[in-house]
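Please open the model in a viewer and keep the selection panel at hand. The stops below proceed from selection to selection, with a description of what is found at each.

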2 protein chains.
Amino acid sequence: MSTLAQGKAELERASTAQKVADMLRERVLDGELAPGLRLSEEAIGGALGVSRNTLREAFRLLTRDRLLVHEHSRGVFVRSPTGDDVRDLYAARRVIECGALAKWPDVDDVRRNAVRMPIEEATAHGTRKDWAKVGAANIRFHRGIVGLAGSHRLSEESDRLFAELMLAFRVVSDPERLHMSYLPLNREIVELLNSGDVGGAIGKLRAYFDLAEADLVEQLAQAQAGLAPQQS
Amino acid sequence: MSTLAQGKAELERASTAQKVADMLRERVLDGELAPGLRLSEEAIGGALGVSRNTLREAFRLLTRDRLLVHEHSRGVFVRSPTGDDVRDLYAARRVIECGALAKWPDVDDVRRNAVRMPIEEATAHGTRKDWAKVGAANIRFHRGIVGLAGSHRLSEESDRLFAELMLAFRVVSDPERLHMSYLPLNREIVELLNSGDVGGAIGKLRAYFDLAEADLVEQLAQAQAGLAPQQS
DNA sequence: ATCGTCAAATCGTTCAACAATCCTACGATC
DNA sequence: GATCGTAGGATTGTTGAACGATTTGACGAT
């Protein structure tokens with residue numbers, strides 16, 4: 001059955017625009033295409049060997065995911081999140097993830113393990129100082145939390161929020177430091193959940209959001225000041 | 001200042017694809033383009049006098065909002081929500097709106113009035129038996145609740161959820177009955193909020209979701225059975 | 001130094017064409 | 001009679017070129 005579903009997913013994947021969008025998404029999240037960069041239709045279309053119309057469809061897909069911003073008659077740019085953007089993102093995450101976490105008592109173990117396991121993996125990678133993998137596991141942890149709600153749509157929207165947030169990380173100095181410093185806090189959340197104290201876990205998650213938001217906003221402000229110190 | 005912002009918004013509005021998408025969105029939400037209907041590129045493009053490429057961009061925009069579904073090499077169709085879709089929608093709304101409502105003590109009066117006023121308007125329209133306007137005010141009520149969270153992204157996602165839900169209403173027999181029957185429940189929520197009992201309001205909101213979801217799922221099942229009684 | 005004016009570059013949109021895919025109906029085979 | 005394979009037509013996927021509209025940047029005038 002699993003091989004069948006796998007084959008189906010493979011068959012359904014198609015559309016040049018989709019493939020181009022996937023490729024560009026990786027480049028953006030890798031940081032190869034830096035925030036603020038303008039994506040010329042002609043240049044990118046020529047480099048990838050696709051027509052302008054198809055490329056524009058790919059741009060639309062990435063604009064939907066908020067990785068690109070579209071300015072009329074000026075082109076598309078890699079989004080460079082501002083402090084306001086980060087505040088907005090965390091306001092959304094607070095509501096979604098705290099609300100999802102409240103469903104912990106109602107869900108089965110497969111959903112619960114989707115929250116527990118990423119933390120185990122993160123600590124394992126942490127001892128090896130593989131900060132990139134720690135960050136990836138951290139994302140899976142929060143993805144697992146959203147999954148508790150049991151809504152496919154909510155999970156997809158959260159993925160967009162996460163992707164946008166990773167874009168904000170690209171602007172600051174060392175992204176890994178953030179993931180590293182909040183790992184013990186995440187461990188505590190899982191332990192509180194295992195001990196049955198859901199309310200305490202939610203409180204600690206909210207505290208994590210407060211800290212992470214303030215930290216990221218400050219680093220973003222520093223980066224902005226460093227790039228444009230001649231303002232006004 | 002307000003006139004400036006208004007002018008800017010007017011200037012920024014452009015893009016044929018955007019206008020086409022707006023027109024189609026109305027038609028879909030009006031029910032003129034019924035759920036399940038296939039939208040031929042040639043037919044619609046010819047009728048609206050836009051090229052296929054531009055029309056396809058409009059289709060992408062509406063697909064992002066989940067009003068249309070795209071099937072590879074088969075075309076785009078007006079979405080016809082299933083029971084699973086409705087369950088997913090309500091799972092998302094439960095998390096978002098209950099979480100947003102918890103922020104009631106922290107927000108100012110302008111945000112609170114965005115929750116209170118629609119209920120006043122709904123009851124006013126209810127005495128005149130103008131059920132369509134009652135439904136619209138009901139949407140504004142829930143939109144106001146989401147607005148308490150203070151996240152633009154969350155509000156936009158909720159708008160998409162609402163639009164999709166209105167699509168589900170189009171499938172059932174009389175959409176107005178639903179809005180009408182839940183109006184007193186919404187009044188109680190506002191009264192609980194005004195009395196300071198936020199927890200009670202959240203509980204009642206959750207109860208509203210349970211009732212509305214069950215009702216809609218059942219009506220959807222009946223509509224499905226009525227349309228395809230020869231199955232298996 | 002500020003303000004027009006102009007040219008180059010790029011985007012927005014359209015059109016026409018062809019390949020790829022899907023749907024339907026018609027027979028062929030068992 | 002039912003299932004399967006096979007053409008045929010219709011629609012989508014993608015491309016390439018074209019032209020008007022908008023932005024950008026530089027140049028020169030006041």
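This is a predicted model: local features need pLDDT of at least 70, side-chain atom pairs count only at pLDDT 80 or more; totals for chains, interfaces and linings use all residues.

Next, display the rings of both tyrosines. A pair of aromatic rings is described by the distance of the centres and the angle of the planes. Over all chains, the count comes to 6 aromatic pairs. Select B:Y90 and B:F209 for one of them: the centres are 6.1 Å apart, the planes make an angle of 65°, and the arrangement is edge-to-face. Which helices does this pair link? B:Y90 belongs to helix α5 of chain B and B:F209 to helix α10 (residues 198-227) of chain B, so that distant parts of the chain, 119 residues apart, are linked. Both B:Y90 and B:F209 are buried.

Return to B:Y182 and B:Y208. Their ring centres lie 5.4 Å apart with the planes at 85°, so this pair is edge-to-face. B:Y182 sits in helix α9 (residues 175-194) of chain B and B:Y208 in helix α10 of chain B; the pair therefore ties together parts that are 26 residues apart in sequence. Now move to chain A and select A:Y90, A:Y182, A:Y208 and A:F209, which form one aromatic cluster.

**The two chains together**

Show both chains. How is chain B laid on chain A? A turn of 180° with a shift of 0.0 Å along the axis superposes chain B on chain A, with an RMSD of 0.0 Å. The two copies are therefore related as by a two-fold rotation axis.

Select the interface. In chain B, 33 residues are in contact with 33 residues of chain A. Of the interface residues of chain B, 100% are also interface residues in chain A, so the copies meet through the same surface. The two chains bury about 2700 Å² between them, and 52% of this area is on carbon and sulfur atoms. On the side of chain B, highlight B:R60, B:V95 and B:R153: these residues lose the most area to chain A, together 29% of what that side buries.

For a salt bridge to inspect, select B:E157 and A:R160, whose side chains meet at 3.9 Å, N to O. Which elements of chain B give two or more residues to the side that touches chain A? They are α4 (52-64), α5 and α8 (152-171) of chain B. The most is given by α5(B), with 10 residues.

**A buried arginine in a loop**

Select B:R79, in the loop between β3 (75-78) and α5 (83-101) of chain B. Is B:R79 buried or exposed? Its relative accessibility is 17%, so B:R79 counts as buried. The side chain of B:R79 reaches the backbone oxygen of B:R66 at 3.5 Å. Beyond residues up to four places away in sequence, B:R79 touches A:R153 of the other chain, and its contacts within chain B include B:P35, B:G36, B:D85 and B:E164.

**Residues with positive phi**

In chain A, select A:R66, in the loop between α4 (52-64) and β2 (68-71). A:R66 is not a glycine, yet its phi is positive, at about 65°. A:R66 has a relative accessible area of 8% and is buried.

Then select B:S73, in the loop between β2 and β3 of chain B. Phi of B:S73 is also positive, near 65°, in a residue other than glycine. B:S73 counts as exposed, at 71% relative accessibility.

Next, select B:E71 in strand β2 (residues 68-71) of chain B. B:E71 is partly exposed, with a relative accessible area of 33%. Its side chain is joined to that of B:R74 by a polar contact of 2.7 Å.

**Last stop**

Finally, select A:H125, in helix α6 (residues 109-127) of chain A. A:H125 is buried, its relative accessible area being 16%. With neighbours within four places in sequence left aside, A:H125 is in contact with A:D130, A:K133 and A:V134.

Terms used
Residues are numbered from 1 along each chain as its sequence is written. Chains are lettered from A and ligands numbered from 1 in the order in which they are written. Side-chain values use heavy atoms; hydrogens and water are left out. Helices (H or I, at least four residues) and strands (E, at least two) are DSSP runs, numbered from the N terminus. Buried means under 20% relative accessible area, exposed over 50%, partly exposed in between (1.4 Å probe, protein chains only). A polar contact is a pair of N or O atoms within 3.5 Å; within protein, one must be able to donate a hydrogen and the other to accept it, and residues adjacent in sequence count only if both atoms are side-chain atoms. Contact means heavy atoms within 4.5 Å. Rings of Phe, Tyr and Trp (its six-membered ring) pair if their centres lie within 6.5 Å; planes under 30 degrees apart count as stacked, over 60 as edge-to-face and the rest as tilted. Copies are superposed by least squares on the C-alpha atoms of residues with pLDDT of at least 70 in both. Buried area is the accessible area (1.4 Å probe) that two parts lose on being put together, summed over both. A salt bridge is a side-chain nitrogen of Lys or Arg within 4 Å of a carboxyl oxygen of Asp or Glu.
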